[in-house]
Amino acid sequence: MAELRQNLATREWVIIARERARRPNAYVESSDRLRTHERAEHDPTCPFCPGNEELDLERAREPAGPDWQTRIVRNKYPALAEQGLLTRSFNGVERSITGVGYHEVLVEHPFHNTTLALMTDEEIRAVLLMYLRRGKEIAADPRVEQIVFFKNHGERAGASLLHTHSQVIGLPIVPGNIRHRIEEARRFFDDTGQCVFCTMLADELRRRERLVAVNEHFAAFVLYASSSPFHIWILPRQHHASFLHVAEAEVMHLAPLLRDVLFRLYAHLNDPDFNLLIRSTPTKEPENGYFHWYIAIVPRLSRSAGFELGSGVWINPTLPEECAAFLRGDISATE
Ligand SMILES: [Zn+2]
Ligand SMILES: [Zn+2]
């Protein structure tokens, strides 16, 4: 019989379809596809490769000069415009705000044939510090309510350019899924006096069966109520509501854990497509006891369809405990 599981933090349900369960190794990508490390180090047609920088779009580079490690550029086709007044219009059913905000790209490395999973800790730190730096600058704009950091790796995850990059969007609203998470976290806090994420983290650290990697400051686990195969959360062990409030010293400890988790996905599943996002409190909200920032990693291995769209309930054909064991190396690829 299948099992319905509820995510304690979001209160969303998923169906773990044991009957149709596929072993984790069924999701190893075919070796025919060109993996990231098999590409050329430089692509003359790539706008993110050194030598092709579109300087009119560039906002910052680190370090300065031709030998940059990371760059921030404005998106060539931005979803939101930086210039302009924020005006609201409410007219019956027609409710709108002018499309002001930020839409930027963080080029994570000069090489065309790498990705976070293959970088050094030092290189990942440079990316994370750029997230922090640019996030704080965007958050200082009073028009911005929410910053969304995300990464699309591979075509199925929505990436249109292969060169390793992330995106930063500064929105003039708080999106519904953040509002929903905050409301649920606040409700849990009212009921128990605890942060729901700290509660989940303590339980995952005690059980260990869904843990993928852990260090003194961060822990990564496959979600009990994973909506899709290998759906992973990375939680800081220190409670902070916002990623932007994290000390640089703490970010240093995130780099090796992030690399470890992404390398496990890369090595065990053969460079799968995935989305990575940072969930964090709205920019104008102070620190609080109930919301806890985290990173979600969602490999794009199965497709959603009408049922998911219609119900908001996902069908996951893998057992989260088996996915975690597979990433830890406890279940071999040929088993
Ligand atoms: Zn490139
Ligand atoms: Zn917490």
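Student: In this predicted model, which residue stands opposite Gly 170 in β9?

Tutor: Ile 147 stands opposite Gly 170 in β9, and this facing pair belongs to the pairing of strand β8, residues 146-153, with β9, which runs in the antiparallel sense over 5 bridges.

Student: Which other strand pairs with β9, and over how many bridges?

Tutor: Strand β7, made of residues 102-107, pairs with β9 in the antiparallel sense over 6 bridges, and within β9 it is Val 168 that has Glu 104 opposite to it.

Student: How should I think about the side chains of a strand, and how many residues of β9 are buried?

Tutor: As a general idea, the side chains of a regular strand alternate between the two faces of the sheet. In this structure, strand β9, residues 165-171, is mostly covered, with 6 of its 7 residues buried.

Student: How are two packed helices described, and at what angle do α1 and α4 pack?

Tutor: In general, one gives the angle between the axes of the two helices together with the distance between those axes. Here helix α1, residues 121-139, and helix α4, residues 248-269, pack at an angle of about 130°, and their axes are 8 Å apart.

Student: Which residues make the contact?

Tutor: Among them are Ile 124, Leu 128 and Leu 132 of α1, together with Val 251, Leu 254 and Leu 258 of α4. Taken by kind, the residues of this contact divide into 10 nonpolar and 4 charged, with no polar ones, and Asp 121 and Arg 125 of α1 are included in the contact, as are Glu 248 and Arg 259 of α4.

Definitions and conventions: Residues numbered from 1 in each chain as written. Chains lettered and ligands numbered in written order. Predicted model: local features only at pLDDT ≥ 70, side-chain atom pairs only at ≥ 80, totals over all residues. Buried ≥ 20, exposed ≤ 12 C-beta atoms within 10 Å, placed from the backbone. Helix = DSSP H or I, 4+ residues; strand = E, 2+ residues; numbered from the N terminus. Pairing = 2+ DSSP bridges. Axes fitted to C-alpha atoms, helices over the stretch in contact; angles between N-to-C directions. Contact = placed C-beta atoms within 7 Å. Nonpolar A, V, L, I, M, F, W, Y, C, P; charged D, E, K, R; others polar.
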